Amino acid sequence: MSGILEVRDVEVTFEVGPLMRRRSILGVAGVSFDLHAGETFAIVGESGSGKTTLARAINGLQGISAGSIRFGEERIDTLGGRAMKPLRRRMSMMFQDPVGSLSPRMKVGNLIAEPFRIHEIVDKNPSVEVPRLLSLVGLTPEFADRYPHQLSGGQARRVGVARAIALNPALIIADEPTAGLDVSVQGEVLNLLNDLRERLGLAMIIITHNLHVVHHVADRMAVMYLGRFVEVGDTDEVFRAPRHPYTAALLSANPEPDPDKARDRIALPAEVPSLLARPAGCEFHSRCPWVAARCKSEAPEFVQGRTRRVACHTPLEPGARPPELEVTQ
Ligand code: SF4
């Protein structure tokens, strides 16, 4: 596999507060990863962890304050909006809210043909391309005449996928691709994404807080906390034996359908620290059941192991249980 995306030490800074008391906060705080052709990489974390900001930065919708982003051979974080336009043919973004992200006054056929118009592609005939794309996402040609409000959530998401693949991209960034869908429809959409990934050789970045989604589609995953990656690894391995306490807590809150694999629930204090007052030392220490004295003053390095990167002074061994486990199973 060849690398198609290289993200290095990326930071995104926001200015917050009233004019006279402006403060900078780091929404994304030094994130690095590579993505390979045909690979699906999931970024998970609680809401506000910086995952959507990171996705927008990769897509050029959000400027970065440090680091670099390369797509193929090209450095893209220094390009302006106009220069990014041709690249967006090769990098599609699927936004949250399947129905709301479609213009309500346009018929499905026009919505799917819109990327050809935006990118001034004249050698594609919409009357051929629209039925072809509808078929690829499992919809009949008749859907071309419907308006978004006439679609179910799952059908609207399929239309969103058809728009995303219209220009034959190398990479799709999907922000919460199953949000707002019934569980049965979620599975259909995930199967569709997996199928298209294989058939079209796409790479995907999936942004989600839903760990079922991650396990279903992702080859590798990253867990994000307060704008940083705290654990990155092969999805099956991370699910089998999380090494960062935050990953272990997220997984324990994710009910396993197989009772033999059920985990004790690790209850975390609900309060996520403010980005305006990042904790000293390990930024997870105020919520970590394994916290030690050192954690409160010394930030752990993000260490690359054989197959896993973890930012913790004492990464967990398989099956580790918190010192004072609060079982809420
Ligand atoms: Fe917990 Fe300490 Fe590891 Fe941070 S460094 S995750 S506080 S054990």
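The space taken by the ligand is the largest cavity. A cavity here is a set of points, on a 1 Å grid over the protein atoms alone, where a 1.4 Å probe fits but cannot get out; a molecule sits in a cavity if more than half of its atoms lie within 2 Å of its grid points. This is a predicted model, where local features need pLDDT of at least 70, side-chain atom pairs count only at pLDDT 80 or more, and totals for chains, interfaces and linings use all residues. Residues are numbered from 1 along each chain as its sequence is written, and side-chain values use heavy atoms, with hydrogens and water left out.

Now the helices, which are DSSP runs of H or I with at least four residues. Helix α5, residues 153-165, packs against helix α6, residues 183-200, at about 20°, with the axes 10 Å apart. That makes α5 roughly parallel to α6, the term for angles under 35 degrees. Their crossing is right-handed, meaning the near helix is turned clockwise from the far one by less than a right angle.

Helix α3, residues 108-118, also packs with α5, at about 25° and with axes 7 Å apart. α3 and α5 are therefore roughly parallel, and α3 passes α5 in a right-handed crossing.

Key. 1 Å grid on protein atoms, 1.4 Å probe; cavity = no way out; pocket = protein on both sides within 12 Å on 5 of 7 lines; lining within 4 Å. Axes fitted to C-alpha atoms, helices over the stretch in contact; angles between N-to-C directions. Helix = DSSP H or I, 4+ residues; strand = E, 2+ residues; numbered from the N terminus. Parallel < 35°, antiparallel > 145°, perpendicular 65-115°, else oblique.
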